[in-house]
Amino acid sequence: MDDRHTRRFGLGTATCLVMGNIIGGGIFLLPASVAPFGTVSLVAFGVLTVGAVALALVFGRLAERHPDTGGPYVYAREAFGDFAGFLSAWSYWTMTWVSNAALAVAIVGYVHVLLPGRPTDATDLAIALGALWLPALANFAGTRYVGLVQTVSTVLKFIPLLFIAVVGLFFFDPANLGSFHEGSGSALGEMSAAAAILLYSYVGVESAAMSAGEVRDPERNVGRATVLGTIGSAVVYLLGTVAVFGTVAHDKLVKSQAPFSDAVNAMFGGHWGGTVVAIAAVVSIIGALNGWTLMSAQSPYAAAKDGLFPAPFLTKRRGVPTFGVLAAVVLASALTVINYLIGSGGVFEILVLITTFSATVPYLLAAGAQVYFLLTGRRDKVRPARFARDLTLALTAFGFTFWLVAGAGYAAIYQGVLFLFAGILVYAWMAARRTARQGEEAATSLPTPADHEAVPPPAASAAVPPHTT
């Protein structure tokens with residue numbers, strides 16, 4: 001029964017998992033978000049893409065060394081020990097279910113475009129909770145259905161986005177671009193400011209590595225899927241942003257609430273662009289939620305195997321850690337309910353801010369682990385050219401992730417560190433239980449006094465005869 005619903009991901013499905021997790025709902029507002037900085041933001045995007053590809057290559061190399069479910073957690077623990085592994089798993093886990101709640105809330109606005117009417121908090125909450133639980137049900141059904149939903153949703157959202165990106169180039173008008181940098185500061189300062197917004201566009205590059213245990217031939221396919229998925233996402237991001245910049249007048253783009261809709265309307269006329277983009281956005285977010293729901297269970301599952309997370313996270317059916325899925329969707333649902341109960345200035349926004357920092361902790365530890373593996377390896381077994389290349393990629397990925405931390409802002413770092421340190425209590429509890437269990441096992445394995453009494457005395461013939469002269 002389980003085998004029928006369990007299927008290891010091939011290269012295509014693993015690539016869709018990466019792309020589906022990278023491309024969520026944020027892309028549909030991205031051009032308007034960076035337009036105030038001018039076209040220098042396109043340069044910032046290009047620089048970030050180089051860093052993201054370097055990080056993707058590092059994950060591919062790490063997966064060759066350790067092709068196990070858990071990705072960044074596995075690498076951090078192998079290099080730096082249990083505590084570093086726990087911090088990676090804890091950070092990644094909290095980031096996934098909190099960001100899932102944010103995606104669920106984001107989908108509500110796009111549904112309103114498709115189903116106009118007078119919205120209420122009750123209907124909005126029902127839509128958001130439905131967006132969380134439908135992907136969770138696909139995960140409960142097994143990896144076969146997770147892969148199917150991910151592949152279909154990625155294709156359905158990739159095609160229209162790529163269409164707008166490519167066709168928009170034929171309507172490109174340089175007069176719409178505005179100046180290179182809009183602010184009064186330097187171009188470098190404007191590029192850094194734009195990068196702070198764009199930095200998290202590539203969160204999700206680790207998706208194939210996180211599910212390496214469910215990927216066929218992970219030593220080869222994880223690296224390929226990671227790089228292909230990252231490059232495919234970069235193509236959509238960069239071409240889409242350039243197309244919108246060139247088709248929507250800059251003064252209008254800065255104030256736009258739906259830049260891709262405005263681009264479609266500018267290219268073809270009419271007002272149907274909003275509906276097209278809303279459909280693509282709903283499909284995109286559902287696909288992202290499907291993939292991130294699986295990711296939310298993989299990291300605690302890997303940690304639980306090593307005794308660093310509670311044992312229920314080990315529950316796995318049809319290739320999916322079902323308890324981890326259930327825990328994540330329940331927590332995300334609770335956050336979503338809190339969002340609608342306390343409004344825009346409450347706990348929900350604070351926790352979303354924390355995720356911007358939490359996402360970088362596993363990346364930093366993974367990049368640091370690759371540097372550690374390279375510097376402590378057998379130099380005589382590594383070709384100098386390959387060693388230099390891998391070390392350069394690892395340092396580039398570390399620098400890229402360090403830039404992610406800097407771009408998160410003081411508030412996100414401050415609150416993120418507090419939330420990260422709260423996990424120390426969980427680690428202390430699990431470490432104490434593990435130590436007690438090991439003590440009990442050691443005590444039961446020791447010989448008892450009765451065991452000594454049961455040992456027969458040595459036979460007389462076995463005794464060494466005394467030395468006689």
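Me: Before we start, what does "buried" mean here?
Reply: Buried means under 20% relative accessible area, exposed means over 50%, and partly exposed is in between. One more thing to keep in mind: this is a predicted model.

Me: Okay, so why is Arg434 called buried?
Reply: Its relative accessible area is 14%. The cut-off for buried is under 20%, so Arg434 counts as buried.

Me: And what makes Asp82 partly exposed?
Reply: Asp82 comes in at 26% relative accessibility.

Me: Why is the pair Arg434 and Asp82 called a salt bridge?
Reply: Look at the gap: the closest N and O atoms are 3.6 Å apart. A salt bridge needs a side-chain nitrogen of Lys or Arg within 4 Å of a carboxyl oxygen of Asp or Glu, so this Arg and Asp pair qualifies. The two residues also link distant parts of the chain, with Arg434 in helix H19 (residues 410-445) and Asp82 in helix H6 (residues 82-114), 352 residues apart.

Me: How many salt bridges are there in the whole structure?
Reply: A search turns up nine. Another one of them joins the side chains of Arg386 and Glu64, at 3.9 Å from N to O. Arg386 sits in helix H18 (residues 384-407) and Glu64 in helix H4 (residues 40-65), so this pair ties together parts 322 residues apart in sequence.

Me: Are Arg386 and Glu64 buried, exposed or partly exposed?
Reply: Arg386 has 30% relative accessibility, and Glu64 has a relative accessible area of 39%. Both values fall between 20% and 50%, so both residues are partly exposed.

Me: What makes Asp390 a salt-bridge partner of Arg386?
Reply: Their closest N and O atoms are 4.0 Å apart, and the pair is listed as a salt bridge under the 4 Å cut-off. Asp390 and Arg386 both lie in helix H18, four residues apart, which is about one turn of the helix. As for Asp390 itself, its relative accessible area is 4%, so it is buried.

Me: Which residues are linked in a network of salt bridges?
Reply: Arg61, Glu64, Arg386, Arg389 and Asp390.

Me: How do you know that Thr96 is buried?
Reply: Thr96 has a relative accessible area of 0%. Thr96 lies in helix H6, and a polar atom of its side chain is 2.6 Å from the backbone oxygen of Trp93.

Me: What does Thr96 contact, leaving aside its neighbours within four places in sequence?
Reply: Trp292, Met295 and Ser296. Here contact means heavy atoms within 4.5 Å.

Me: Why is Thr293 called buried?
Reply: Its relative accessible area is 5%, so it passes the under 20% test. Thr293 is found in helix H14 (residues 273-305), and its side chain reaches the backbone oxygen of Leu289 at 2.6 Å. Not counting residues up to four places away in sequence, Thr293 touches Asn100, Pro135, Ala136, Asn139 and Val325.

Me: How many helices and strands does the protein have?
Reply: It has 20 helices and zero strands. Buried residues make up 51% of the 469 residues.

Note on methods:
Residues numbered from 1 in each chain as written. Predicted model: local features only at pLDDT ≥ 70, side-chain atom pairs only at ≥ 80, totals over all residues. Heavy atoms only, no water. Buried < 20%, exposed > 50% of the residue type's maximum accessible area, 1.4 Å probe, protein only. Polar contact = N/O pair within 3.5 Å; in protein donor to acceptor, adjacent residues only side chain to side chain.
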